[in-house]
Amino acid sequence: MDSSYPLPVSLPPVFRDWFAARGWAIRRHQQELLDLAETGRSALLVAPTGAGKTLAGFLPPLIELYHELQGPPAERRRGLNTLYISPLKALAVDIARNLEAPSKEMRLGVRIETRTGDTPIEKRARQRRDPPDILLTTPEQLALLLSHKDAGDLFGGLRTIVLDELHAIENTKRGDLLALGLGRLASIAPRARRVGLSATVADPDRLRRYLVPQFVGHERMADLVVADTGAAPEVAILRTRERIPWAGHRGAYAMPDIMAAIKAVRSALLFVNTRSQAEASFQALWQMNDENLPIALHHGSLSVEQRRKVEQAMTLGKLRAVVCTSTLELGVDWGAIDLVIQLGAPKGSSRMMQRIGRSNHRLDEPSQALFVPTNRFEVLECVAAKQAVEEGIQDGDLPRPGGLDVLAQHVVGRGCAEPFDMDTLYEEITAAAPYAHLDRQTVERVVDFAATGGYALRRYEQYHKLERLADGRYTIASRKAAQQYRLNVGTIVEAPMIKLRSIRRGGKARGTGAAPQVTHVAGKPVGRAGFHIGEVEEWFIEQLRPGDTFLFAGQVWRFEGMAENEAYASKTEEKEPMVPSYMGGKFPLSTFLASRVRALLADPEQWRFLPGQVSWWLDLQRAKSSIPKAEQMLVETFPRGSRHYLACYPFEGRLAHQTLGMLLTQRLEKMRMRPMGFMANDYALTVWALGDMSRLDMHLLFSDEGVGDGLDAWMADSNLLKRTFRTCATIAGLIDRRHPGHEKTGRQMMVNSDLIYEVLGRHEPDHILLQATREDVSAGLLDLARMRQLLERIRPAGRILHRTLAQISPLAVPLMMEIGRESIGGEANEDLLAEVADEFMEILNG
Amino acid sequence: MAEAAAAGELATALVNGAGLVFDRSGAAWWPEERLLVVADLHFEKGSSFAARRGVLLPPYDTRETLARLEAACAVYRPKTVIALGDSFHDLGAAGRLGIDELASIRALTGGRDWYWIEGNHDPKPPENLGGWCVAMLACGPLTFRHLPQQGDQPGEVAGHLHPAARVTVRGRGLRRRCFVTDGSRLILPSFGAYTGGLDVRDPAFAGLLAPRFHAWMIGRDRVYPVASGKLS
């Protein structure tokens with residue numbers, strides 16, 4: 001963008017002195033960003049943690065503000081100079097603090113403020129009237145600011161937009177929301193430079209496009225600045241004398257070793273992949289914590305106050321270890337962390353590099369990491385990840401198109417700000433990289449949806465949310481509609497959560513099976529009694545019976561019951577919870593890491609990097625069955641009990657395997673094999689059937705032809721689609737978000753999104769929201785693309801290595817152990833219902 | 001009878017001596033009287049959200065509910081149909097019905113005896129759609145009304161509560177709409193397309209059923225009887 005504001009190239013003396021006083025020299029990438037700012041160009045800075053990324057981004061605007069504030073007051077420009085957007089509220093607050101220091105020390109007099117959901121209403125109103133020089137905020141707050149009539153005044157004089165942790169947000173729905181906001185800013189403040197700050201990524205060009213406004217037919221990119229990389233991290237894999245389990249994700253065997261590793265350093269972060277893993281490891285560590293080392297727990301379900309307390313203690317260096325999930329993966333610098341321990345599958349090399357980067361924020365010293373596999377398959381993944389991390393190879397993700405649900409939300413916000421016409425809207429939307437290729441007709445359908453619901457049966461003209469003016473422009477129809485938009489802005493739709501409160505153990509006898517009369521548990525109405533422990537997923541609470549025990553916040557609780565949309569639990573002395581709460585990890589195995597795992601498996605030369613018990617396992621597999629070559633997929637068929645099993649090992653991640661499982665069961669059904677169920681994990685898939693599958697044509701079974709036909713039918717009926725629909729419908733504003741504390745009493749007052757999905761699917765299957773849902777499902781969640789890639793990969797002759805075995809193979813053993821623990825979904829629900837009914841029948845007949 | 005249910009045939013139960021069939025749609029069928037009962041149709045619930053709250057739900061709930069009702073009538077060919085109240089989601093619902101929906105309702109009420117029982121959502125069901133509006137109705141051993149009455153009410157067939165039940169099998173919770181009966185009283189699931197369920201463990205059900213009752217849970221292909229002790 002040649003027309004942007006130029007900046008003086010030289011560092012003003014006060015800045016030079018400030019650097020010198022700290023013994024710092026300006027780094028190459030910081031200077032390059034200054035040079036680019038001088039020519040007014042937008043830039044993406046790719047730098048590892050600890051490279052002074054933030055300072056690099058803010059140095060140009062600080063210098064500019066310095067010059068401005070030096071000048072005569074009459075000539076001073078008023079209004080927002082720099083807008084900083086972070087995916088994390090806490091990061092915005094932290095960065096503001098870090099900027100205050102140089103600003104104060106150099107007496108720049110720059111006004112720096114944050115704006116988050118926690119900012120008081122009066123302050124927010126004042127910020128719009130009298131904006132600071134630098135505002136640090138989040139994508140949601142930007143959307144809200146843009147939905148006000150004064151957005152033009154507020155942002156009109158904007159000179160720099162800094163986007164932090166861009167890699168973490170760019171390819172997500174929040175990234176879509178931010179991109180649409182940037183598209184709008186491009187027309188309000190066309191001369192503002194954009195600066196993106198990112199960790200190392202596989203495809204920086206995508207981020208460079210994201211940063212700058214796109215014009216149809218003209219792809220444009222921000223300039224790229226790459227900082228010097230620091231020392232390569234040192235990764236070790238846990239060496240243990242213990243037996244590594246075949247299956248499971250608890251890692252109980254490794255806890256003494258992990259404890260020893262924690263004791264050996266001043267401070268450590270123990271990363272796990274799920275909340276329940278965090279709970280379980282935290283509990284296990286404390287059970288052997290004889291020295292009472294300060295070890296804390298941090299995950300997204302804990303109350304905010306609890307999390308802040310842990311973060312503070314960590315910054316002050318008071319903790320020896322924190323067990324955490326991805327909540328501590330991004331952002332704020334937590335001070336000196338000596339060691340990062342990863343318990344469980346790494347899933348991807350980029351994720352691992354991000355996590356490992358949390359240790360040792362000094363560039364010239366290597367970060368230290370320890371990988372701890374929880375089962376034998378994970379050993380292979382850990383070894384592959386270690387190699388990838390040491391070589392510094394990132395695993396890219398597939399780009400997803402911008403979400404139509406997010407667009408629908410943006411369109412309403414756009415109508416709140418001021419009337420818009422279709423041409424301008426289309427131009428702004430396609431300026432955003434994720435929407436650059438969207439056709440105009442789809443945009444019109446989205447506007448129609450935002451206005452009246454977009455139904456073919458035009459029933460809601462009188463209840464419209466956007467009103468069409470006489471000149472054809474659209475504007476928000478009512479204050480109520482604007483309020484509804486502002487309450488529901490954002491793209492993060494959490495699984496429905498329920499507040500968990502602690503109460504004293506109820507007087508009710510256990511196991512009576514009687515109704516959980518929570519209001520009478522303590523002999524009196526519970527009311528507001530009991531302190532708030534945190535939030536738990538609704539599905540989890542729903543499966544509990546009063547008396548069941550479960551882990552939460554590092555403590556075993558006894559579930560007492562529900563009252564008024566809150567769950568009540570009491571503390572117990574029990575050590576082991578009755579209800580395991582492990583759900584398969586959220587993160588899929590990355591494509592890149594999957595191929596490394598396949599290569600490792602295929603090459604016995606490399607097995608020497610594996611622990612003896614694992615290479616012994618693979619040797620046994622080679623003797624009893626086969627080891628596939630890297631480009632091959634192994635399929636084994638064997639009988640077991642009264643069933644026949646088919647096991648295959650694509651190493652494509654659980655989601656892709658689940659999709660493949662759906663497809664295979666359908667095909668097996670057609671082949672009259674009478675499939676009974678399947679089980680998928682990150683590495684393999686096994687299907688069981690009444691028929692003998694050993695003589696099937698495997699190339700036919702795994703054919704990539706007609707994949708869509710079989711899956712469409714399944715998708716139409718799947719829970720995944722329903723869940724995705726719920727997310728899309730919430731983001732698009734069709735259903736209101738639940739605001740904690742404002743739930744309507746009695747859940748029958750709300751229309752369940754599953755019911756809406758079913759009715760809409762039957763009566764208007766082409767509705768834009770269903771289109772958005774299907775796109776979401778096939779773009780990411782279902783990993784359909786990956787399954788197709790797999791089927792293509794194994795299409796050539798010889799790529800499927802089929803072994804017919806008399807009994808289970810060594811590789812299949814872990815799978816058999818997981819069956820029964822994991823569910824099958826769909827059909828299985830019906831079977832389970834039939835099962836209780838059948839039991840009931842026996843009692844009747846007996 | 002019960003064996004037939006398990007074998008995937010009709011789900012049949014005795015309510016105060018009357019043999020009733022529980023249909024997957026949520027309707028109950030009384031073969032002896034050729035009588036079909038449905039509860040809580042909630043016509044135009046979707047558009048009421050649009051009118052009152054500006055939430056533009058798909059406006060197809062009424063035609064979906066009607067399609068299910070038409071299908072049930074085509075299967076059982078009832079002489080009499082009883083809609084157990086809350087057939088219309090609010091007093092303005094009838095006024096918001098589309099032409100097609102009006103025609104469907106008139107066709108349904110035209111061919112048989114049709115009773116609209118008054119509910120709390122529709123204390124005055126519209127009179128121009130065919131059928132008779134009544135507060136309650138007694139027929140042999142059964143009494144049909146919207147709100148279940150407190151105390152012992154042998155033969156009461158009611159709606160209003162939208163019963164749903166939950167079972168936990170091998171660590172998994174399953175929740176379904178259900179008929180619920182202790183052999184004396186029957187409460188029907190809601191029939192309307194946008195109607196949710198209330199757990200039979202909710203205090204709202206307290207005192208209405210004997211300690212031991214059965215929830216007839218509506219599965220995809222069948223209606224499954226589950227004893228109260230097995231519910232979670």
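Predicted model: local features only at pLDDT ≥ 70, side-chain atom pairs only at ≥ 80, totals over all residues.
Colleague: OK, chain A then. How many helices and strands does the secondary structure of chain A come to?

Modeller: Helices (H or I, at least four residues) and strands (E, at least two) are DSSP runs, numbered from the N terminus. Of the 846 residues in chain A, 48% are buried, where buried means 20 or more other C-beta atoms within 10 Å of a residue's own, exposed means 12 or fewer, and partly exposed is in between, with C-beta atoms placed from the backbone. The secondary structure of chain A comes to 31 helices and 25 strands.

Colleague: What share of the contacts in chain A with a separation of 6 or more comes from residues 24 or more positions apart?

Modeller: Two residues are in contact if their C-beta atoms, placed from the backbone, lie within 7 Å. Counting contacts in chain A with a separation of 6 or more, the share from residues 24 or more positions apart is 76%.

Colleague: Which strands stand at the edges of the open five-stranded sheet in chain A?

Modeller: The order in this sheet is E23-E24-E22-E21-E25, with mixed pairing, and two strands pair if DSSP finds at least two bridges between them. The twist averages 15° from one strand to the next. Each edge strand has a single partner strand, so one side of each is left without a neighbour in the sheet: these are E23 (675–680) and E25 (800–804) of chain A.

Colleague: And which residue is the bridge partner of Met679(A) in E24(A)?

Modeller: E23(A) and E24(A) run antiparallel and are joined by five bridges, with a hairpin of four residues between them. The bridge partner of Met679(A) in E24(A) is Thr686(A).

Colleague: Are H9(A) and H17(A) parallel or oblique to each other?

Modeller: The axes of H9 (residues 173–188) and H17 (residues 422–431) of chain A come within 7 Å and cross at roughly 120°; axes are lines fitted to C-alpha atoms, for helices over the stretch in contact, and angles run from 0 to 180 degrees between N-to-C directions. Angles under 35 degrees count as roughly parallel, over 145 as roughly antiparallel, 65 to 115 as roughly perpendicular and the rest as oblique. H9(A) and H17(A) are therefore oblique.

Colleague: What is the phi of Phe651(A) near?

Modeller: Most residues other than glycine have a negative phi. Phe651(A) is in the loop between strand E22 (643–648) and helix H23 (654–670) of chain A, and is buried, with 27 other C-beta atoms within 10 Å. Phi of Phe651(A) is positive, near 55°.

Colleague: And what is the phi of Asp40(B) near?

Modeller: Asp40(B) lies in the loop between strand E4 (35–38) and helix H2 (45–53) of chain B. Asp40(B) is buried, with 27 other C-beta atoms within 10 Å. Its phi is also a positive value, near 50°.

Colleague: Last one: which residues does Arg307(A) touch, not counting those up to four places away in sequence?

Modeller: Arg307(A) lies in helix H13 (residues 304–315) of chain A and counts as buried, with 21 C-beta neighbours inside 10 Å. Leaving out residues up to four places away in sequence, Arg307(A) touches His298(A) and Leu302(A).

Note on methods:
Residues numbered from 1 in each chain as written. Chains lettered and ligands numbered in written order.
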